[in-house]
Amino acid sequence: MEGNKRWVSGDLRHPDRDPDRRQFVAEKQEPFGAILSCIDSRVPPELLFDTGLGDLYVMRTGGEAIGPVVTGSVEYGPMTSGTPLIVVLGHQRCGAIEAAYNSIRDGKPLPGNLEAIAKALRPAYEQAVRAGGADPVDAMARAQVTLTAADLRSNQDLAPLVKKGALAVVGAYYSLDTGKVEVLAGAPA
């Protein structure tokens, strides 16, 4: 979050982005966090958290949709090298969320494999519809974050790490307008 404060203020340090760092991580990596975020080109985790090479494991899917391969990718850091943090990062004006919302609402499947994303996002859609509100797409984006973070937190392999305090799984939301990341759920004590 300190890196995000630098991103918002424009006081960037661009840490760990030089040939010395490249050499240092060439043989071994020990990222301090794993980020599951959207594929959106406006939401690059390494930049908006002002981090560098070897600092983060980053997985990106449309609307933070998960399945076995993505979940396994998220599990990799905590289960192999003790990475202590997972952040599920949604964002404002998410195109994948909006497309899924409209598809589900209108009963019109998305083309190709995009429909798999819509199906994965259905629980967030249902939660957003139940909650109501002025901006159901934004509510769905936030619901997707909290549902995915809760799912990872209770995952059979990650839950023991969470329980003993070795892993925090945080749901967060990025504002395209301000650059600020807001923690929604799971912040470590």
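## Strand β1 and Ala-34

Strands are DSSP runs of E of at least two residues, numbered from the N terminus. In this predicted model, strand β1 covers residues 33–37 and contains Ala-34. The relative accessibility of Ala-34 is 1%, so this residue counts as buried, the cut-off being under 20%.

Leaving aside residues up to four places away in sequence, Ala-34 touches Tyr-57, Met-59, Thr-83, Leu-85, Ile-86 and Val-87. The C-alpha atom of Ala-34 is separated by 5.8 Å from that of Val-58, although the two residues are 24 residues apart along the chain.

## Arg-21 in helix α2

Helix α2 comprises residues 19–25 and includes Arg-21. This arginine has a relative accessibility of 15% and therefore counts as buried. Residues up to four places away in sequence not being counted, Arg-21 touches Asp-16, Leu-53, Gly-54 and Asp-55.

Helix α6 runs over residues 114–131. Its 18 residues should span 26 Å at 1.5 Å a residue, and the 25 Å between its end C-alpha atoms agrees with this expectation. After α6 comes Gly-132, which has a positive phi near 70 degrees.

Which residues of α6 are buried? They are Glu-115, Ala-118, Leu-121, Ala-124, Tyr-125 and Ala-128. In an α-helix there are 3.6 residues a turn, so residues three or four places apart point the same way. The cover over the buried residues of α6 includes α5 (95–106) and α7 (136–153).

## Packing of α5 against α6

A pair of packed helices is described by the angle between the axes and the distance between them. For α5 and α6, the angle is about 80 degrees and the axes are 9 Å apart. The two helices are therefore roughly perpendicular to each other, as the range for that class is 65 to 115 degrees.

On the α5 side, the contact is made by Ala-96, Ile-97, Ala-100, Tyr-101, Ser-103, Ile-104 and Arg-105. Helix α6 contributes Glu-115, Ala-118, Leu-121, Arg-122 and Tyr-125. By class, the residues of this contact comprise 8 nonpolar, 1 polar and 3 charged.

## Helix α7

Helix α7 has 18 residues and reaches 25 Å from its first C-alpha to its last, close to the 26 Å expected at 1.5 Å a residue. Its buried residues are Val-137, Asp-138, Met-140, Ala-141, Ala-143, Gln-144, Val-145, Thr-148, Ala-149 and Leu-152.

Definitions and conventions:
Residues numbered from 1 in each chain as written. Predicted model: local features only at pLDDT ≥ 70, side-chain atom pairs only at ≥ 80, totals over all residues. Heavy atoms only, no water. Helix = DSSP H or I, 4+ residues; strand = E, 2+ residues; numbered from the N terminus. Expected span 1.5 Å × (residues − 1). Buried < 20%, exposed > 50% of the residue type's maximum accessible area, 1.4 Å probe, protein only. Contact = heavy atoms within 4.5 Å. Axes fitted to C-alpha atoms, helices over the stretch in contact; angles between N-to-C directions. Parallel < 35°, antiparallel > 145°, perpendicular 65-115°, else oblique. Nonpolar A, V, L, I, M, F, W, Y, C, P; charged D, E, K, R; others polar.
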